[in-house]
Amino acid sequence: MENEGGIKKFMYVNRKAPYGTIYALESLEVVLIGAAFDQDVSLAFLDDGVYQLAKGQDTKDIGMKNFSPIYKVLGDYDINKLYVEKESLEARGLSLDDLQEITYEDEDDDWEEKPSIRVVSADELRDLMDEQDVVLSF
């Protein structure tokens, strides 16, 4: 299962809302660890996991730290493949415009800033999962 050079393709699947459980924060921490070991990292957001990327998260009333700004620095760790399932967005009345703007600088394209979030269908997401060496669900 190991690819050339010892790099594996890891996909972290986020299915839970950002607060109320530890899943979203734990996933984010594991994602950063995977990237620190120079693995090929991607994230998928489906079901209530799409709320993890929502704009304007305010956690003052629930007494939890708002960790949503961390998603904006993922590009600095070469994490630039964030897949959001279209059907999950639509089922919750959301669109790409309701999500944070998360970008990365593409060194292969003269450091042009590009969007990290890609909205994909359930079928496309299934194909992406099939391409991975490791899929971890949170």
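Which side chains meet in a salt bridge at 3.0 Å, N to O? The views below come from a predicted model.

**View 1. K114 and its salt-bridge partners.** The side chains of K114 and D109 meet in a salt bridge, with 3.0 Å from N to O. K114 also forms a salt bridge with D106, where the closest N and O atoms lie 2.8 Å apart. Through shared partners, the salt bridges join D106, D109 and K114 into one network. D106 counts as buried because its relative accessibility is 13%, under the 20% limit. K114 is partly exposed at 21% relative accessibility, and D109 is partly exposed at 32%.

**View 2. The salt bridge between D58 and K60.** In this pair, the closest N and O atoms are 4.0 Å apart. D58 has a relative accessibility of 53% and so counts as exposed. K60 counts as exposed too, at 68%. In the model, the count of salt bridges comes to 9.

**View 3. The largest pocket.** This pocket has a volume of about 250 Å³. It is lined by 14 residues, and G75, D78, Y104, E105 and D106 are the closest to its centre. Strand β4, residues 103-106, gives the most to the lining, with 4 residues. By type, the lining residues divide into 8 charged, 3 polar and 3 nonpolar.

**View 4. A nonpolar patch on the surface.** I70, V73 and Y77 form this patch, and together they have about 240 Å² of accessible area. V73 sits in the loop between β2 (40-45) and β3 (82-85). The relative accessible area of V73 is 34%, so V73 counts as partly exposed.

Technical notes
Residues are numbered from 1 along each chain as its sequence is written. This is a predicted model: local features need pLDDT of at least 70, side-chain atom pairs count only at pLDDT 80 or more; totals for chains, interfaces and linings use all residues. Side-chain values use heavy atoms; hydrogens and water are left out. Patches are made of residues with over 30% relative accessible area and no salt bridge: like charges are joined within 9 Å, nonpolar side chains (Val, Leu, Ile, Met, Phe, Trp, Tyr) within 5 Å. Accessible areas come from the Shrake-Rupley method with a 1.4 Å probe; for residues, only the protein chains shown count as cover. Helices (H or I, at least four residues) and strands (E, at least two) are DSSP runs, numbered from the N terminus. Buried means under 20% relative accessible area, exposed over 50%, partly exposed in between (1.4 Å probe, protein chains only). On a 1 Å grid over the protein atoms alone, a cavity is a set of points where a 1.4 Å probe fits but cannot get out, and a pocket is an open set with protein on both sides within 12 Å along at least five of seven lines; lining residues have an atom within 4 Å of a point. Grid points are joined across faces, edges and corners, and a volume is the space filled by probe spheres set on the points. Ala, Val, Leu, Ile, Met, Phe, Trp, Tyr, Cys and Pro count as nonpolar, Asp, Glu, Lys and Arg as charged, and the others, Gly among them, as polar.
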